[in-house]
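Please look through the structure shown below before reading on.

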Amino acid sequence: MTAPTDRFQLRNPWHFLALGFGSGLAPKAPGTFGTLAAIPVYLLLAPLPLWAYLLAVVAVCVAGVWICDIAARDVGVHDHPAIVWDEIAGYLITMIAVPLGLVWVVAGFVLFRFFDILKPWPIRWLDRHVHGGLGIMVDDILAGVFALVVLHALVWLVG
């Protein structure tokens, strides 16, 4: 019997993206490694004007619904832990209009992982009740929004 992880094909562009460029194949804490893979993506997008950054984040989120749905269907497992495109989207949301700097990159990482792992209401409810690609994406999108609010409060307090 083939393990679901063995069914992912990095040569398949849908799988490559869903797996966070391969980071989701980490044997332990794939969500954390997926979020780490989001940092270079953020650093590439951060210099863009806010409108362009927001457009890129929306594109990542909308495309993620299809990317995650295709990968999950291909391996036959809904929200397989190796699918981490949703972590990339969530981290990019966390970092909207945050000042560029190592302290904020790390704070955003920690806050996003906190909300993604803890899944406070309504994140946990959505995670359990919404299915398909949207179900894979929605909990991380909302975790990103929660982390964004807290991160902006920290920026405001420090600034």
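**A covered helix and its charged surroundings**

The buried residues of helix H4 are Trp85, Asp86, Glu87, Ile88, Ala89, Gly90, Tyr91, Leu92, Ile93 and Thr94. Buried here means under 20% relative accessible area, while exposed means over 50% and partly exposed lies in between (1.4 Å probe, protein chains only). Helices (H or I, at least four residues) and strands (E, at least two) are DSSP runs, numbered from the N terminus. The model is a predicted one, in which local features need pLDDT of at least 70, side-chain atom pairs count only at pLDDT 80 or more, and totals for chains, interfaces and linings use all residues. Residues are numbered from 1 along each chain as its sequence is written, and side-chain values use heavy atoms, with hydrogens and water left out.

H4 is mostly covered, since ten of its ten residues are buried. Among the elements that cover these buried residues are helix H1 (13–18), H2, H3, H5 and H7.

Glu87 is buried but has no salt bridge, and the nearest side chain of opposite charge, that of Arg113, is 4.0 Å away. A salt bridge is a side-chain nitrogen of Lys or Arg within 4 Å of a carboxyl oxygen of Asp or Glu. Contact means heavy atoms within 4.5 Å. Leaving aside neighbours within four places in sequence, Glu87 is in contact with Gly31, Gly34, Thr35, Phe112, Arg113, Asp116 and Asp140.

Asp140, found in helix H7, is also buried without a salt bridge; its nearest side chain of opposite charge, Lys119, is 5.1 Å away. Not counting residues up to four places away in sequence, Asp140 touches Asp86, Glu87, Gly90, Phe112 and Asp116.

Which charged side chains do form salt bridges, and how many salt bridges are there? A search of the whole structure finds four. Side chains of opposite charge can pair when their charged atoms come close. Arg113 forms a salt bridge with Asp116, and their closest N and O atoms are 2.7 Å apart. Both residues lie in helix H5 (residues 102–118), three residues apart, about one turn of the helix. Arg113 and Asp116 are both buried. Asp116 also meets the side chain of Lys119 in a salt bridge (3.2 Å, N to O), and Lys119 is buried as well. Salt bridges that share partners join Arg113, Asp116, Lys119 and Asp139 into one network.

Another pair is found in helix H3 (residues 50–75), where Arg73 and Asp69 lie four residues apart, about one turn of the helix. These two form a salt bridge, with the closest N and O atoms 3.0 Å apart. Arg73 counts as exposed because its relative accessibility is 57%, whereas Asp69, at 23%, is partly exposed. An α-helix has 3.6 residues a turn, so residues three or four places apart point the same way.

Methods:
Lys and Arg count as positive and Asp and Glu as negative; His and the chain ends are not counted.
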